[in-house]
Amino acid sequence: MALENLLLRLDRIAGGRQSGVRIGERQRLHPKTRRAFTWVLWLLVLELVLGVGAVGVALVLSSSGEPVPFAVWMRTVVVLGMTATLFYFAWRATKGWYWAYQRLRLFAQIFPVVTLVMAAIPGLYPLWMVTEQIVFSLIMIGIADFLTSDHMRTAFRKPGAPRGQGPEDRDLEDRDLDDQAPAS
């Protein structure tokens, strides 16, 4: 219970004014929602493996006497930290927290752009790191694709947004944001 209270405090910091908003249990437990998050979590594991692999390559190169640019070390640390943050967002989103889904979706859409722009800067990174960044971006695009599906956008509809008439809305028509968990 003490851990959950600590996490709720962290949620308030990360989630801002919508930190107490949760989706309904029916949407959270819907097979399409669960399937999407299963894929997202596996893709994040792949991102973590890729990030650890990049650190490993940098360590091997450095220990064999090859110079490893400072930008490579910074990139590997940033990617691992970012991936840990995305795991937290994904975990909280699977619990139905609207803010966590929004943050995860936002970062999954922004990070590939930033990463590809950085990879395109001539001479900033060695070829192996540029390749790692491209693969990283492709995986993040996959995560964003799952998170922006019609079903997920309907399940995690912005609080107070009007319901649409699409098939996903009919599938989740009993959604009621009034039964959200109150902010603690």
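These legends describe close-up views of a predicted model. Local features need pLDDT of at least 70 and side-chain atom pairs 80 or more, while totals for chains, interfaces and linings use all residues. Residues are numbered from 1 along each chain as its sequence is written, and side-chain values use heavy atoms, without hydrogens and water.

**View 1. G15 lies in helix 1 (residues 2-15).** Helices are DSSP runs of H or I with at least four residues, numbered from the N terminus. G15 is buried at 5% relative accessibility (buried means under 20% relative accessible area, with a 1.4 Å probe and protein chains only). Beyond its neighbours within four places in sequence, G15 contacts W99 and R103 (heavy atoms within 4.5 Å).

**View 2. Y88 and W99 form a tilted pair.** Rings of Phe, Tyr and Trp (its six-membered ring) pair if their centres lie within 6.5 Å; planes under 30 degrees apart are stacked, over 60 edge-to-face, and the rest tilted. Here the centres are 6.4 Å apart and the planes at 40°. Y88 lies in helix 4 (residues 70-94) and W99 in helix 5 (residues 98-119). Y88 is buried at 17%, and W99 is buried at 0%.

**View 3. Y101 and F156 form a stacked pair.** Their centres are 4.3 Å apart, with 15° between the planes. Y101 is in helix 5, and F156 is in the loop between helix 7 (150-155) and helix 8 (167-171). Y101 is buried at 0%; F156 is buried at 2%.

**View 4. The charged end of R92 sits over the ring of W91.** The distance to the ring centre is 4.9 Å (the rule asks for NZ of Lys or CZ of Arg within 6 Å of the centre and within 35 degrees of the ring normal). R75 lies over the face of F136, at 5.0 Å from the ring centre.

Methods
Helix = DSSP H or I, 4+ residues; strand = E, 2+ residues; numbered from the N terminus. Buried < 20%, exposed > 50% of the residue type's maximum accessible area, 1.4 Å probe, protein only.
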